[in-house]
Amino acid sequence: DSAKKDIVFLLDGSDGTRNGFPAMLDFVERVYGRDAEVHFYLNTYTTREDIVDSVRGLRHRGGRPLNTGAALQYVRDNVFTNSSGSRRLQGVPQMLILLNGGRSFDNVDTPASALKQQGIFVIGIGTRSSDIRELQKISYDPSLALSVSEFTDLPGIQEQLSSAMNTVVVRATPMTPTKKPVGRDVVFLLDGSDGTRSGFPAMRDFVQRVVETLSVDDNKDRVSVVQYSRDPAVQFYLNTYTTKGEILDTVRGLRHKGGRPLNTGAALQYLRDNVFTASAGSRRLEGVPQVLILLCGGKSFDSVDAPASALKQLGVLIFAIGTRSSDSRELQNISHDPSTALSVSEFTDLPKSPTVLVDSAKKDIVFLLDGSDGTRNGFPAMLDFVERVVEKLNVGENNDRVSVVQYGRDAEVHFYLNTYTTREDIVDSVRGLRHRGGRPLNTGAALQYVRDNVFTNSSGSRRLQGVPQMLILLNGGRSFDNVDTPASALKQQGIFVIGIGTRSSDIRELQKISYDPSLALSVSEFTDLPGIQEQLSSLKMSQIFCPLVEKKPVGRDVVFLLDGSDGTRSGFPAMRDFVQRVVETLSVDDNKDRVSVVQYSRDPAVQFYLNTYTTKGEILDTVRGLRHKGGRPLNTGAALQYLRDNVFTASAGSRRLEGVPQVLILLCGGKSFDSVDAPASALKQLGVLIFAIGTRSSDSREELQKISYDPSLALSVSEFTDLPGIQEQLSSAMNTVVVRATSGQPPVGRDVVFLLDGSDGTRSGFPAMRDFVQRVVETLSVDDNKDRVSVVQYSRDPAVQFYLNTYTTKGEILDTVRGLRHKGGRPLNTGAALQYLRDNVFTASAGSRRLEGVPQVLILLCGGKSFDSVDAPASALKQLGVLIFAIGTRSSDSRELQNISHDPSTALSVSEFTDLPSVQQQLQSSVEAVVIDVTPESPTVLVDSAKKDIVFLLDGSDGTRNGFPAMLDFVERVVEKLNVGENNDRVSVVQYGRDAEVHFYLNTYTTREDIVDSVRGLRHRGGRPLNTGAALQYVRDNVFTNSSGSRRLQGVPQMLILLNGGRSFDNVDTPASALKQQGIFVIGIGTRSSDIRELQKISYDPSLALSVSEFTDPPRHPRTALLCNEHSGSEGHAHDTNGNW
């Protein structure tokens, strides 16, 4: 409403503006328009005359230095407030006009950004003595920083100012007028209080259905979900996920929060302050519409008015949906418009299908027809259906494109998306189709085939240009093979699949295949197809784009946690210098490294986040200006927890999920008042590499070792002033550890991808390539799921022949490889193919086990020089840890192959592809050597089998009371066979139920007698529930450590023997995998009450999960017997390739 605005003038009255001050006052006086009713400065005056009188009477204050930052903060906190007469919450535009005559002595960044975040429209006017960059930072938009040479020239910019003022009033939700907003930022706020327990699944489904209609993958729409009861909990922020698949996965896994009372007001306020913000991914300041969908099942305990109004003030469109238990008036108050407050009697009645807008200007449609023996009679009706659908399309090269594929045992393309450009040609071709016959019906393979060979650039698909992709499947029976992976791969590519079946089809299978279960349609016979044609053409389809490819940054995210408590006052300047010196060594300006600094005492205070600054200069400036916080006691545990929850997160700029190493450097001057164990262990579980640096006076060495990623990373100085002395040590440690950030367990197998040059130049050599792949596959262990294989062929663009998870037997792989056809095409784009592998093949969804620590191997067979650049994509693959072996011919560019290879020495060359057999042996030994290399922490390091560290983890819960003496007896018998001693075997015993308790550590006893005595004296603890997951995590963090006597870092084999009598109450997956990743050899022994699957997960290898019916039965498994035999000889390895000891 441009009839009113609140205007605050902020005048620089420092020593430097004494002469210009009268001109400033004169300017203020002239700014007032004719009819403005002024609600101004502490609501003192209500008439123009009073204001002008007051302005004329102002005296210059003088004083220095000039603290513009503090002044901006002051007006935000004291002037733009309700009590001072500001009408911001009623939607009246807020303006601040700053007249400034010099550079600020203090920092203006935070207060300027706080004003913008409140929607205050700041115009900065300076003179030639001002810092124009500073004014641009302060102004709402850099273009609003105006400049005059002297304040006496102010009248000259008055025109400019008033047009700026009018613009802002017009765009009450300030937007950059030039940018058309793309997409929306959608936040769901879900009532997770006690009252919605039964309705929660329906809410979750509703969120999923709405998300299905959004365009997430092309970064148009962003989504966040927050659940609340007494207080809010963010499930994920607007910038946490960039693909629809990730969002849907997370939404499916949401658990009901519970709790009371229901504080809707507090939750709305929280969203305003923490979710609709740039750091949490909101693009409000870029003009992207902000949408909030509230699902609420009751009346709020607190008031919703002010927070709802504050959100509306930000321009958020709120849609509130309630049930009959909600307060409809409250929902109307909250909603953007009372008419948008919806109500259902129960959450299960939530609308089923949110409508979506589509671009029906063009689409790519593929028909996949079941031509197996079972559809012989119905086939003419299928063709008739295809014809009728095509008749309705607007066929043309730049309009709709159509392809038809028929399948039975395998698939055959009748024509591609770019074969025909007219409706007549398509209809003629369809009329001439013959039924193929054949069995069995392999729908899975056919779906995979169309994904890899039809929905591709070279076959005419325009998926990458954003044209909607549709697959219409006509199917007459249940598939003989599995459809899950290929169906999910199609959805992941954003292909809109509609499955149409008959009564012989499996409706569940069709629902799985279809983009949405509601798109699985059914007829009793194919002759009834005309009846569903109407249904099909009225379907709403969302326009689907492919995910944007983001390059993974190299580098690190480094967080400094500084002890700012009373005890470090004198050492604080030295800490600050240390941070500066470390930052100097980082690569910030090219977005490699990111830095955050947090200071703490009783509680933590973030000085800046990982995404606050993008240049080294800004970071160093801020660090120089850090002030000591003070306060006590010192709560290091709470600070570590805070970092885990608020700093090592995507919204705060952490790139952990993109695989960037996360480093925490703690500078701490005393012992923590609270416990550090759980939070430190939680950070390590996230994969954060923690370096803890303390002073000798702090008496906290043991605590620092606990906190550190590895006890050897706990460094110590006598005073903080000695920090420069350990800087060298720290940076070399950082480099070493970052290298092995993702070193995992001894690899169980490998994921091997072959990338074959299928361009025109390799036609004659292709059979030799195929043979080579076959011979290498023959040497792999595929059938026991050790090794996985994928083959990709490329020329201008890549085509996946099969993924790492397509086949599970060597026979299937060899059959497919034998049948490979040369692709043809040019030019040869090796760079694009490598990038494609990184983004689409070395991924969990395509079967890669990279995140589980399985070595990733790429074998490239290439017969020419690449037309595009290979450097960045090759380096991105290496960054993922992929070991690349490049093999070329004399037509290849040997330097290019060396660039691509994991190591230039692994780039092999043959004069013709027919000579490949000669390099096979060389390749195989290279692969094996490197795979051993790549896991430096694993027991494949040469180990000394003369000694081992053995930890027994005993289930002491209520369920094992009777069996407990037999467990102790077992431990005793194993220990009797060991060669116990400080430099021989070491033993520890831990008992657990609800939680774990160490009876003795690996370095407590050094004789067999002491251990046996201690074991005989153990008492059964009892307790429930049985938390095996927590116990595994506990032994990893507290027993397999340097300080507890573990010699893991010296290469001594580490063993954990678990005796377990029941199923775990908590989840064992993450802790079990963390133990394996540390190379700890776990053997799980259970009874008939145990969950054998769980034991297999926990054990180092499923074959090491042993079972007895009762603990009184001694295990008769040969591997356990081996444990009880003394080692003879000192062979280099503690176990052979099968995991036998």
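1. Strand S9 (residues 316–322) and strand S10 pair in the parallel sense, and two bridges join them; pairing here requires that DSSP finds at least two bridges between two strands. In S10, Ser343 is the bridge partner of Gly322. Strands and helices are DSSP runs numbered from the N terminus, with at least two residues (E) for a strand and at least four (H or I) for a helix.

2. This is a predicted model, in which local features need pLDDT of at least 70 and side-chain atom pairs count only at pLDDT 80 or more, while totals for chains, interfaces and linings use all residues. Residues are numbered from 1 along each chain as its sequence is written, and side-chain values use heavy atoms, with hydrogens and water left out.

3. The open sheet has six strands in the order S7-S6-S5-S8-S9-S10, and its pairing is mixed. Its edge strands, S7 (232–236) and S10 (342–343), each pair on one side only. Helix H7 (residues 200–212) packs on this sheet and touches strands S5 (185–191), S6 (222–228), S8 (290–296) and S9, its direction making about 175° with that of S5. Contact means heavy atoms within 4.5 Å, and axes are lines fitted to C-alpha atoms, for helices over the stretch in contact, with angles running from 0 to 180 degrees between N-to-C directions.

4. Helix H30 (residues 964–976) and helix H31 (residues 1008–1016) have axes that come within 10 Å and cross at roughly 175°. That makes H30 roughly antiparallel to H31, since angles over 145 degrees count as roughly antiparallel, those under 35 as roughly parallel, 65 to 115 as roughly perpendicular and the rest as oblique. Leu968, Val971, Glu972, Val975 and Glu976 of H30 meet Arg1008, Ile1011, Val1012, Val1015 and Arg1016 of H31.

5. The axes of helix H3 (residues 68–78) and helix H4 (residues 109–117) come within 8 Å and cross at roughly 30°, which means that H3 is roughly parallel to H4. On the H3 side, Gly69, Leu72, Gln73 and Arg76 meet Pro111, Ala112, Ala114 and Leu115 of H4.

6. Where does Thr695 lie? Thr695 has its place in strand S21 (residues 688–695), and it counts as buried because its relative accessibility is 5% (buried means under 20% relative accessible area, exposed over 50%, partly exposed in between, with a 1.4 Å probe and protein chains only). Leaving aside neighbours within four places in sequence, Thr695 is in contact with Cys668, Gly669, Ser716, Val717, Ser718, Glu719 and Phe720.
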